[in-house]
Amino acid sequence: MTPAAVQMLVPLFLHFGVVMALYVALTWARLVVVRRGEASSSDFARADGDPRLSARIQRNLANQFEAPMFAWVGALVLILSHHVTWFDVAAAWAFLIGRLIHSWVQCSGDDVKLRGRVFVINFLAVLWLMGHAFAAILGGP
């Protein structure tokens with residue numbers, strides 16, 4: 001594997017760490033709301049069952065399996081096709097930084113406009129990775 005490919009995988013595996021941290025935070029938040037009597041364990045059987053404290057975390061965790069998964073797909077296509085560039089590495093790091101900021105904004109408040117602006121970081125990084133992966137499949141640089 002090329003050094004650039006390894007460098008691109010580092011932020012993606014750190015994204016996996018973000019997902020694991022969100023699972024821990026969600027479990028903790030759900031324990032707190034159950035202990036407070038704000039919810040019962042059975043409330044979490046429904047997607048809309050989380051009270052305010054855990055709902056933000058639950059939604060952010062779900063977000064990690066939506067558009068961000070395309071960053072992984074793009075990265076893997078680029079690695080397997082031997083087309084990783086340092087621009088791709090920069091995009092992977094921008095993706096991670098964007099995910100961290102987006103998670104902080106979403107889990108800590110209700111500023112949807114700010115969350116949308118922060119998401120642009122992720123959007124552009126994923127767009128770059130998928131666009132370059134598509135070009136690589138078509139035989140481009």
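User: Quick one to start: is P11 buried or exposed?

Analyst: This is a predicted model, and in it P11 counts as buried, with a relative accessibility of 0%.

User: Which helix is P11 in, and what does P11 touch once residues up to four places away in sequence are not counted?

Analyst: P11 belongs to helix α1, and with those sequence neighbours set aside it touches A92, W93 and L96.

User: And how far apart are P11 and F95, in sequence and in space?

Analyst: P11 and F95 are separated by 84 residues in sequence, while their C-alpha atoms lie 7.9 Å apart in space.

User: Switching to helix packing, at what angle do the axes of α1 and α2 cross?

Analyst: The axis of α1, which covers residues 3–36, and the axis of α2, which covers residues 52–63, cross at roughly 155° and come within 9 Å. Since an angle over 145 degrees counts as roughly antiparallel, α1 and α2 are therefore roughly antiparallel to each other.

User: What is the handedness of that crossing, and which residues make the contact?

Analyst: The crossing of α1 past α2 is left-handed. On the α1 side the contact is made by V19, L22, Y23, A25, L26, A29, R30, V32, V33 and R36, and on the α2 side by L53, S54, I57, Q58, N60 and L61.

User: How many of those are nonpolar, polar and charged?

Analyst: Sorted by class, the contact of α1 with α2 has 11 nonpolar residues, three polar ones and two charged ones.

User: Now N63: where is it found, and is it buried or exposed?

Analyst: N63 is found in helix α2, and its relative accessible area of 11% makes N63 a buried residue, because buried means under 20%.

User: What does the side chain of N63 make a polar contact with?

Analyst: The partner is the side chain of Q106, at 3.1 Å. Leaving aside neighbours within four places in sequence, N63 is in contact with Q106 as well as P68, R99 and H102.

User: Last topic, the backbone: what is the phi of H82 near?

Analyst: Phi of H82 is near 60°, which is a positive value in a residue other than glycine. For context, most residues other than glycine have a negative phi.

User: Where is H82 found, and is H82 buried or exposed?

Analyst: H82 sits in the loop between α3, residues 68–80, and α4, residues 86–108, and with a relative accessible area of 69% H82 is exposed.

Notes. Residues numbered from 1 in each chain as written. Predicted model: local features only at pLDDT ≥ 70, side-chain atom pairs only at ≥ 80, totals over all residues. Heavy atoms only, no water. Axes fitted to C-alpha atoms, helices over the stretch in contact; angles between N-to-C directions. Helix = DSSP H or I, 4+ residues; strand = E, 2+ residues; numbered from the N terminus. Parallel < 35°, antiparallel > 145°, perpendicular 65-115°, else oblique. Left-handed = near helix turned anticlockwise from the far one by under 90°. Contact = heavy atoms within 4.5 Å. Nonpolar A, V, L, I, M, F, W, Y, C, P; charged D, E, K, R; others polar. Buried < 20%, exposed > 50% of the residue type's maximum accessible area, 1.4 Å probe, protein only. Polar contact = N/O pair within 3.5 Å; in protein donor to acceptor, adjacent residues only side chain to side chain.
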